[in-house]
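I opened the model today to look up contacts, charge pairs and surface patches. My entries follow.

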Amino acid sequence: MYRQILINPDQQDLQRIIWKHGLDAEILKYRLKTVTYGLSNAPFLAIRNLQQLAKDEKSRFPLASETLLYDTYTDDIVSGARIWKLLNNCNRN
C-alpha cells in the first residue's frame, strides 16, 4: 500500500538515497517519490491519505467513503451490511 502513495514533489528532496556500488564507482543519487515502508511515519501517512481521499470523494462515492472512514484498521477494511443489496452497492461503489 505504501508504494502507491505519492509524496508531494516539494517534499521528495527530503527522501534521497545516495548509493555507490564500490570504492571507485560513481555515486548514484535517487529521489524517492512514494511513502517509504518501514519508517515510523509510514502507517500514519497511509491512513491519513485514505481518510483524505474518502472525504474528498464522498459526494461521488458515499458508501465507499463511509467504509474507508469508519471500517478501516491500518490497511485492512472490515465492513459488512445487513442487506445484500446494500453490500453489493458498496462493492460496486
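**Entry 1**

I started with Ile7. Beyond its neighbours within four places in sequence, Ile7 is in contact (heavy atoms within 4.5 Å) with Gln12, Gln15, Lys33, Thr34 and Val35.

A note on the source: this is a predicted model, in which local features need pLDDT of at least 70 and side-chain atom pairs count only at pLDDT 80 or more, while totals for chains, interfaces and linings use all residues. Residues are numbered from 1 along each chain as its sequence is written, and side-chain values use heavy atoms, with hydrogens and water left out.

Next I looked up the nonpolar cores. I take a core as a set of buried Ala, Val, Leu, Ile, Met, Phe, Trp, Tyr and Cys residues joined through side-chain atoms within 4.5 Å. Buried means under 20% relative accessible area, exposed means over 50%, and partly exposed is in between (1.4 Å probe, protein chains only). The largest nonpolar core has five residues: Ile5, Ile7, Val35, Ala42 and Ala46. In soluble globular proteins, nonpolar side chains tend to be buried together.

Are Gln12 and Gln15 buried or exposed? Gln12 counts as buried because its relative accessibility is 7%. Gln15 counts as buried too, at 16%. Gln12 is in the segment before strand 1, and Gln15 also lies in that segment. Strands here are DSSP runs (E, at least two residues), numbered from the N terminus.

I listed their contacts, again leaving aside neighbours within four places in sequence. Gln12 is in contact with Ile7, Arg31, Leu32 and Lys33. For Gln15 the list is Ile7, Tyr30, Arg31, Leu32, Thr34, Thr36 and Leu39.

**Entry 1: salt bridges**

How many salt bridges does a search of the whole structure find? It finds four. The criterion is a side-chain nitrogen of Lys or Arg within 4 Å of a carboxyl oxygen of Asp or Glu. Side chains of opposite charge can pair when their charged atoms come close.

I went to Asp13. Arg16 bridges to Asp13, with the closest N and O atoms 2.8 Å apart. Arg31 forms a salt bridge with Asp13 as well, at 3.5 Å between the closest N and O atoms. Arg31 lies in strand 2 (residues 28-31) and Asp13 in the segment before strand 1, so this pair ties together parts that are 18 residues apart in sequence.

Asp13 is partly exposed at 42%. Arg16 is partly exposed at 44%. Arg31 is partly exposed at 37%.

Another pair is Lys58 with Glu66, whose closest N and O atoms are 2.9 Å apart. Lys58 is partly exposed at 38%, and Glu66 is partly exposed at 31%.

Which residues make the nonpolar surface patch of about 310 Å²? They are Ile17, Trp19 and Tyr30. Patch residues have over 30% relative accessible area and no salt bridge; like charges are joined within 9 Å, nonpolar side chains (Val, Leu, Ile, Met, Phe, Trp, Tyr) within 5 Å. Areas come from the Shrake-Rupley method with a 1.4 Å probe, and for residues only the protein chains shown count as cover. Trp19 is in strand 1 (residues 16-19) and is partly exposed at 46%.

Last, I looked up Ile77. Ile77 is in strand 4 (residues 76-77) and is exposed at 52%. Not counting residues up to four places away in sequence, Ile77 touches Thr67, Leu68, Asp71 and Thr72. The C-alpha atoms of Ile77 and Thr67 are 7.6 Å apart, with the two residues ten apart along the chain.

Technical notes: Helix = DSSP H or I, 4+ residues; strand = E, 2+ residues; numbered from the N terminus.
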